Amino acid sequence: MISLLPRTFALLLVFFSVLGPKSVAAADRPNVVIIYADDLGYGDLSCYGHPTIATPRLDRMAQEGQRWTDFYSAASVCTPSRAALLTGRLPIRSGMCAEEPRVLTTQSPTGLPHSEITLAEALKDVGYATMCIGKWHLGRPVDYLPRSQGFDEYFGLPYSNDMGWIRHPEKYPGLDPKADYYAGPLIRDVTVLEPATDQRLLTKRYTAEALDFIRRHKDRPFFLYLAHTMPHVPLFRSEKFAGHSRRGLYGDVVEELDDGAGQILDLLRELHLDRKTLVVFSSDNGPWMIFHEKGGSAGLLCGEKGGTFEGGMREPALFWWPGTIKPGVVRGMGSTMDLFTTCIKLCGAKLPADRQIDGVDLSPALFGTGDSPRDTMFYYRGKKLYAVRHGRYKAHFFTRQAYGKKALTEYEHHPPLLFDLGADPAEKFNVAAQHPDVLAKIETIAAEHKRGVIPVENQLEKGFPPERIPKVKTIQVEH
Ligand code: MG
């Protein structure tokens, strides 16, 4: 009897130290689903005012949860924007932004540095099952694919769907979306399943993979990062959505994304996971307007993908977690980088303490206990700080066209342009002369921020021929 006691004690100790606390903590941990569209503009959902694109499922998600009016991606193009979302850090800190190439190419020898800590890695550390579905664009070499960055599973295209185009008579076929012009490889984990996948089926297949992942992990915490390939040009949708929208092909594509999001929310309800799952919907950057009606809309905002006016980086953002999130419209500021910090806090994971994290915890705003703690947003073009928003005011130190020949000229403003985004979200009326104090404050914030940025090795420029980096002319503008 006496000899049994230590053994019983030891067993009890094992039970409480391993099974006990872990299972209790795990029960409180929400699942996380981030649905990330590509190049979807601020004005492209019906709940953000689009008159001819119908997104009833996302509109319902907004009604049951929160719709944010001032939510930002951390960059205006794909690669840096995704690096920021997954690391909670401005891309300048990870070396994932450049003047040229602005995103990783099919030839880039690296990707997101392994020294970065991704949201997937942080959540995996506390027992989450993790999967990335869709567009990755953080490194094509096998050791830079999602499996090397904290994701247990991967299914998708490793970069943009216009990369690797083939068999077109003359030029870039972005406006001529025939499926066999493109050779985007569809990858499962680290293996190429289809060297030139049929992009018409991508949204449908991504959704099916998402549903399957959720079903397989319904009994344990999971993190699903569903980064859709669409509506990035070239646009494709499945047969069912052909002619679905009054907005034409672009609308068809967005409406198929809406349907996919709806299927995910339906499944979470069916599995009784809706009250323990945070679902976020947003986009990586603004609409690609050089493609005219094949690109999206930034609504009332000025600018587009590739630029630092609001339309390039302000995105639709919906948060859904019935019973936990306070439904409504949130007018505070938020950023995709905040998803990193917020999810780490909510999931009981560890926030990296050895590096600068730019994300803040949005919980007060999500739960209705306070305002969003974010009051400042930095707008970079490549490695250069172009603009800063603080409170309702935004100062542009530099402006520049997003694409085309005119983009080779940048304008440096003296004094910087100042817009009151509260009164003038379209950035039409320069109020610098009326608010020298505001401008001085933003200039101080910008200077302090720049002092805090530690130079790192650039990943995008690696292997890129320096002669292909265009010379940009800076013109001084006195106001
Ligand atoms: Mg994009």
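These questions and answers cover the cores and helices of a predicted model.

In this predicted model, local features need pLDDT of at least 70 and side-chain atom pairs count only at pLDDT 80 or more, while totals for chains, interfaces and linings use all residues. Residues are numbered from 1 along each chain as its sequence is written, and side-chain values use heavy atoms, with hydrogens and water left out.

Q: What makes a set of residues a nonpolar core, and how many residues has the largest one?
A: Its members are buried Ala, Val, Leu, Ile, Met, Phe, Trp, Tyr and Cys residues, joined through side-chain atoms within 4.5 Å. The largest such core has 52 residues. Leu-45, Leu-224, Leu-268, Phe-281 and Leu-318 have the most contacts inside it. Helix α7 (249-270) gives the most, with 9 residues. A second, separate core has 46 residues, including Phe-71 and Leu-460.

Q: Why is helix α3 called mostly covered?
A: Buried means under 20% relative accessible area (exposed is over 50%, partly exposed in between; 1.4 Å probe, protein chains only). In α3 (residues 78-87), 10 of its 10 residues are buried. Among them are Cys-78, Arg-82 and Leu-86.

Q: Why are α6 and α7 called roughly parallel?
A: Angles under 35 degrees count as roughly parallel, over 145 as roughly antiparallel, 65 to 115 as roughly perpendicular and the rest as oblique. The two helices, α6 and α7, pack at about 10°, with axes 10 Å apart. They are therefore roughly parallel to each other.

Q: Which residues of α6 make the contact with α7?
A: Contact means heavy atoms within 4.5 Å. On α6 the residues are Thr-203, Lys-204, Thr-207, Ala-210, Leu-211, Ile-214 and Arg-215.

Conventions: Helix = DSSP H or I, 4+ residues; strand = E, 2+ residues; numbered from the N terminus. Axes fitted to C-alpha atoms, helices over the stretch in contact; angles between N-to-C directions.
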